[in-house]
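Visitor: Can you walk me through this model? I have a few quick questions.

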Amino acid sequence: MTPINPGAFRFDPLGLDEASFKRSIANRLVYSVGKDAYTAKPRDWYCCLAYALRDRLMERWMETMRSYYRQDAKRVYYLSLEFLIGRTLVNSVLNMDVEEETRKALLSMGLDLEELRNQEPDAALGNGGLGRLAACFLDSMATLRLPGYGYGIRYEYGMFNQTIKNGNQIETPENWLRYGNPWEFPRPEILYPVHFYGRVVEYPGEDGRAHYHWVETEDVMAMAYDTPVPGYHVNTVNNMRLWSAKSTREFELKYFNEGNYIKAVEDKNHTENISRVLYPDDTTMMGRELRLKQQYFFVSASLQDILHRYMRHRTSYDDLPDKVAIQLNDTHPSIAVAELMRLLVDTYHLEWDKAWALTRRVFAYTNHTLMPEALETWEADLIGRLLPRHMQIIYEINHRFLEEVRHKYPGDTERMRRMSLIDERGTRRVRMAHLAIVGSHKVNGVSQIHTDLMRDTIFKDFDQCYPDRIINITNGVTPRRWVNQANPGLSKLVSSRIRHDWIGDLGEIEQLAPFADDAAFRAEFRAVKRDNKLRLAHCIEQRVGIRVNVDSLFDVQIKRIHEYKRQLLNVLHIVTLYNQLRSGTGGERAPRTVIFGGKAAPGYAMAKLIIRLIHDVGDVVNNDPCIGDRLKVAFIPNYDVSTAGDIIPAAELSEQISTVGTEASGTGNMKLGLNGALTIGTLDGANVEMREAVGEDNFFLFGLDRDGLDALNANGYDPRQYYEANAELQYVLEMIGGGFFSPDEPARYRPIVDALLNHGDRFLLLADYTDYMRAQQDVDRVYRDPEDWTRRAILNIARLSRFSSDRTIMEYANRIWGVVKVERE
């Protein structure tokens, strides 16, 4: 091929004015979509606008990448099994600062931005807080002009689409790629082989050391898909690279010619299952194997890509930690520690000690859970069969690590057992969190209480062994997505008083605090909130057929359904309140609409039963003429980023009620707080720091604190004591367990009551019930004074400035990654 002359490469930069956008949209309709204005449908126009915006991002994207190479910048690679980015269209418009030009261009063509934005499906690349956090981090890295990349999997179907039938969660495929994705760039030339199964051959090398060759493997190809990630009002555009599994054999012609058409494509389909679904059900061995395959698949492809980029202009790996930082988002990518060692030792023939020193300096690990059962482990036999060389490497890492522990703590075999990478109790299992800790130079928790508990409980031995390794970096959220985009009315109101600089620097929002005492501002604030509530009320009526009182308190709990998040405690309050309203006890009450959203894992029977209970309770409450619009219950199905954008701006009360010591941080609490919702919550996760920030008077606290929890556990917790001491609670549980809400099947909710009364009430609902009811009465009292409530809501917004993901990312950059912003030349 004739060498390319870069000097002869010229392109016409695209304008950002109204006329340029009109021309681009029209050209894209003809030349990319292949239609004219007479045949184009709304989805076609959406694609044309997306292409027009993407084209303009490309100029910034390419120059960003060139600047990283020119300055030989150290880069950070964020490995995450989830990136819950939601919709991209409006985010790109706002971050590129072209909203006015875009709206004018569309209006002149008879199009509407709001209509087009609804044509875009949510990208089904995550499930909950973990994936949304990763998406916030990518936004912040680009906004702060840090050289950051996201690596993950391009799921074809996401997790699942949640529908509700007779109160039951029904899972259907989430086919978000049905009509293609105009934001991504397929890179068929960027392919990396990923190996599975096979066996390991040992052979002597010329250097006299034993070398290893992984042979007779089954191979899968990882193909790259790139999506640009623009920063806010800067020219930096970073990259999110997702991997899709491709078969090494597309088609078996022999079987096809024999008429066995299914067999002809069997291998292809089996291989490509790896990137089809997020979190396949792991209750079966096949499901667990597929999960492990997914984790290794994207880790291996990402590391090969990272090393390829690093070596483009180098001949040695000596400077790898000075140019590469890799962040492991939870334990899912922790097999990366063994994979990098395999690549450095087996492929590039580095000596073990040197490879290990490089590996440790490159990796850092973020822990997101304190619950022992959620700390991922894999059967050693499964890893040994699927990834035989990695199992050897893990055993070697463990051997050397335990020798280090033995020298530090001679004779302490119990400590060695606790710290070992291998859990020898019962079936031998690999502790992936331990692998990540041992293979990283820094480990961080995501809220102060979470980090303290890591040091004091589950990772106490590691903290003693490596005193400076575990640090805290509290999570944050991006104000661009969660205020500026989700709540334009509030954004404009705030900017009218303190200018718009707060969107790029949330610290500026502290200037809003004095306006809490401004009656005119409070009135404008209430008007914005009411407009948002009207929109949500319309959404609820359209989606679930429930008409709610827009002047009621919008009480919101939106998060995945799990026992520790205690949606059930919220239900107990609803039933209690229902009884009080019917009987006329409990005093004057403000009308209330309780709004739920969240998915339960397909195999999580109790969580799915709680969803049905919410619906059955709602069915009774919503249709009781004695109650009217004083109390309503709505469960909005298929909770995702776009649904969150509908709910959060309208929320007035944020339910953050997990059992103390179970929630690592939470970020929904921050999103809701920044949109003016007051929090009712426990001293769990980031609630602790949020309460300190907003002031004790502006946070409705209830429940056991850490000391109370320790005392309760020390004395032995008996939930029946709390049950027998509270007649109101007794009546509530009798109604639930006795079939009041399920007359067609009276015993339907007996398992829930049994779990509370006869099986230990693991998450202490009964212990916290009375104090939760007290806190809800405080909520009711304050809400009935609109001026006081509004003042507190404004102070919440003004005082939550530190919960920006920009602050979080700068802490990572300074304390862990050692990366600096790259200015465009």
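Guide: Start with a term. Buried means under 20% relative accessible area, exposed over 50%, and partly exposed in between (1.4 Å probe, protein chains only). The model is predicted: local features need pLDDT of at least 70, side-chain atom pairs count only at pLDDT 80 or more, and totals for chains, interfaces and linings use all residues. Residues are numbered from 1 along each chain as its sequence is written, and side-chain values use heavy atoms, with hydrogens and water left out.

Visitor: Is Arg750 buried, partly exposed or exposed?

Guide: Arg750 is partly exposed, because its relative accessible area is 34%.

Visitor: Where is Arg750 found?

Guide: In helix H31, residues 750-757. Helices (H or I, at least four residues) and strands (E, at least two) are DSSP runs, numbered from the N terminus. The C-alpha atoms of Arg750 and Gly739 are separated by 8.5 Å, and these residues lie eleven apart along the chain.

Visitor: New topic. Which residues of H18 are buried?

Guide: H18 covers residues 448-456, and Ile449, His450, Thr451, Leu453 and Met454 are buried there.

Visitor: What do the buried residues of H18 pack against?

Guide: Strands E15 (442-445) and E16 (470-472), plus helices H19 (460-465), H27 (687-694) and H28 (706-715). Contact means heavy atoms within 4.5 Å.

Visitor: Now helix pairs. At what angle do H21 and H22 cross?

Guide: Roughly 160°, with the axes of H21 (residues 488-498) and H22 (residues 519-544) coming within 9 Å. That makes H21 roughly antiparallel to H22. Axes are lines fitted to C-alpha atoms, for helices over the stretch in contact, and angles run from 0 to 180 degrees between N-to-C directions. Under 35 degrees counts as roughly parallel, over 145 as roughly antiparallel, 65 to 115 as roughly perpendicular, and the rest as oblique.

Visitor: Which residues make the contact?

Guide: H21 supplies Gly489, Leu490, Leu493 and Arg497, while H22 supplies Phe521, Glu524, Phe525 and Val528.

Visitor: And how are H23 and H30 arranged?

Guide: H23 (residues 567-583) and H30 (residues 727-738) pack at about 105°, axes 10 Å apart. The two are therefore roughly perpendicular.

Visitor: Last one. How many residues has the largest nonpolar core?

Guide: It has 275 residues. A nonpolar core is a set of buried Ala, Val, Leu, Ile, Met, Phe, Trp, Tyr and Cys residues joined through side-chain atoms within 4.5 Å. Phe196, Trp243, Phe297, Ile326 and Trp817 have the most contacts inside this core. Helix H2 (residues 42-70) gives the most to this core, with 14 residues.
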